[in-house]
Amino acid sequence: MSSVAVVGAGPNGLTAAAVAARAGLNVTVYEANEAIGGAARTQPLDGSAASFDLGSAVHPMALQSTAFAELGVLDKVDFIIPELSFAHVIDQRRTAYAWKDLDRTGEVLGPGDGAVYTRLLGPLVRRMDELSGTLLSPLLKVPSHPATLAAFGAATVAGMGLKDLASTRFAKAAALYSGCAAHVAGGQRGPANAGAGLFLAAAAHSRGWPIPRGGSQAISNALAEETTSRGGVIRTGVRIESLDELAEETVLLDTSAETAARIAGPRIPDKLSAALHGVRRSPGSCVVHFVLGAPVPWRDPVLARTGTVHLGGTAGTIGRAERLARTATPQEPFVILSQPSLFDDSRAPAGQQVVWAYCHVPLHSSADMQQEISSMIEAAAPGFRDLILESHVVSAQGLERQNAALVGGDISGGSMDLLGSVRRPVLSRDPWYLRSKGLYLISSAVPPGPSVHGMGGYLGALSMLRREYGVRQTPA
């Protein structure tokens, strides 16, 4: 039986392993950490009785993923879908709500903002399956749904206008949309940033922004179960530094681009190695995990009905804070906050709540942003600080220590501007193949990029099966 090594047990690595095992290959996964999961890992910190998502906490792209559907993840994991997908606190008087129901969102936003927002997103929400199939796949191919892609292009132009030109006139609509776009670090102005925001917002109004019961680890465990049930083996606590350490014929690397180049060494062409070592990066992130003695005391009680809250003011304020984060730590950062224990009581001891919050900071920053993040929350929830029982800060440098694929705390696998989205990490119709027989890169460093959807591993594994074994049908 042919053998395959997967280096890295993040969502992409585990997805690739499951696909390869389904194809009848002898699969071994090597993970440097003692636990699987990568960006989808949940565990206690520093002896806490609570469980914290070390990477993503809310997974808008999981329900859009062909890989997760085909591998049974959507059936095995209990995804909790809040009725209120996300909310955006503009100031003490104004909050904008993105209900899962787009029409309801438009009604609550009011005549002007509601009309603008629903016109922007309506065509995409109605075509979400086609849009997901287009965007969660390589960009350098003939699109299967050109009309949907054209609608997305038109909406991207309109979104750029709303975010950058009409944000004062339509403050609530612009804030909702800009908060989604700001999930991509750096505050770029351009189609890639605008498009990413549209895709996230459209997901909120189609299948919603789900929280997996038991934490993100549930996704990783489901993928691991699929792999091992097909005969695959997962070895944790094993760090691979060179291909010389592996006996397998084929190697799939769920690592950063830089680590892939180092492990591959002279096996790959010099020009490709230079491209992998020279990946352009997004800013880093600083995450703060809180344990509270009670739910967040939001000034606006409706915020207790959502899994995700954006704190950062108007669209213009968000953009300025995000651009500042490229080189400095903003005093009033844009904060993305999740409150999973409101929906999943397994996450904290009885009577306690877990809150996960992060902001963007310069790449490789060691900054502790707890005070700045707490201040942003306190402004929207007076008395928040009085409820803190524990806090665990993970700087941008700390994120890389937890997960070596997050170089400098960059959770995007490289810059997500237009160039970084297309040349990821090189311009190619088969970007997973590393120009050396049996060698593939399958992490967020390759298309379709970041978020927990497993599609990098899925598409990379299919590329491997076609090229190495002549398998052209997706393994059942």
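Analyst: Two residues are said to be in contact when heavy atoms of theirs lie within 4.5 Å, and the model to which this is applied here is a predicted one.

User: Which residues does Glu-248 contact, leaving aside its neighbours within four places in sequence?

Analyst: Glu-248, which is found in the loop between strand S9 (233–236) and strand S10 (250–253), is in contact with Ser-3, Val-4, Ala-5, Thr-28 and Tyr-30 once those neighbours are set aside.

User: What makes the pairing of the Glu-248 and Tyr-30 side chains a polar contact?

Analyst: The cut-off for a pair of N or O atoms is 3.5 Å, with one atom able to donate a hydrogen and the other to accept it; the side chains of Glu-248 and Tyr-30 meet at 2.7 Å and are counted as a polar contact.

User: Does Glu-248 count as buried or exposed, and why?

Analyst: Buried means under 20% relative accessible area, and Glu-248 has 15% relative accessibility, so Glu-248 counts as buried.

User: Why are helices H1 and H10 described by the term they receive for their relative direction?

Analyst: The axes of H1 (residues 11–22) and H10 (residues 217–229) come within 8 Å and cross at roughly 25°. Angles under 35 degrees count as roughly parallel, and H1 and H10 are therefore roughly parallel to each other. H1 passes H10 in a left-handed crossing, and the contact includes Leu-14 and Ala-18 of H1 together with Leu-223 and Ala-224 of H10. By class, seven nonpolar, three polar and two charged residues take part in the contact of H1 with H10.

User: What is omega for the cis peptide bond that joins Arg-424 and Pro-425?

Analyst: Omega is about -10° for the cis bond joining Arg-424 and Pro-425, and Pro-425 lies in the loop between helix H16 (418–422) and strand S16 (439–441). The bond from Pro-447 to Pro-448 is cis as well, with omega near 5°, and Pro-448 is placed in the loop between S16 and helix H17 (455–469).

Key. Residues are numbered from 1 along each chain as its sequence is written. This is a predicted model: local features need pLDDT of at least 70, side-chain atom pairs count only at pLDDT 80 or more; totals for chains, interfaces and linings use all residues. Side-chain values use heavy atoms; hydrogens and water are left out. Axes are lines fitted to C-alpha atoms, for helices over the stretch in contact, and angles run from 0 to 180 degrees between N-to-C directions. Helices (H or I, at least four residues) and strands (E, at least two) are DSSP runs, numbered from the N terminus. Angles under 35 degrees count as roughly parallel, over 145 as roughly antiparallel, 65 to 115 as roughly perpendicular and the rest as oblique. A crossing is left-handed if the near helix is turned anticlockwise from the far one by less than a right angle, and right-handed if clockwise. Ala, Val, Leu, Ile, Met, Phe, Trp, Tyr, Cys and Pro count as nonpolar, Asp, Glu, Lys and Arg as charged, and the others, Gly among them, as polar. Buried means under 20% relative accessible area, exposed over 50%, partly exposed in between (1.4 Å probe, protein chains only).
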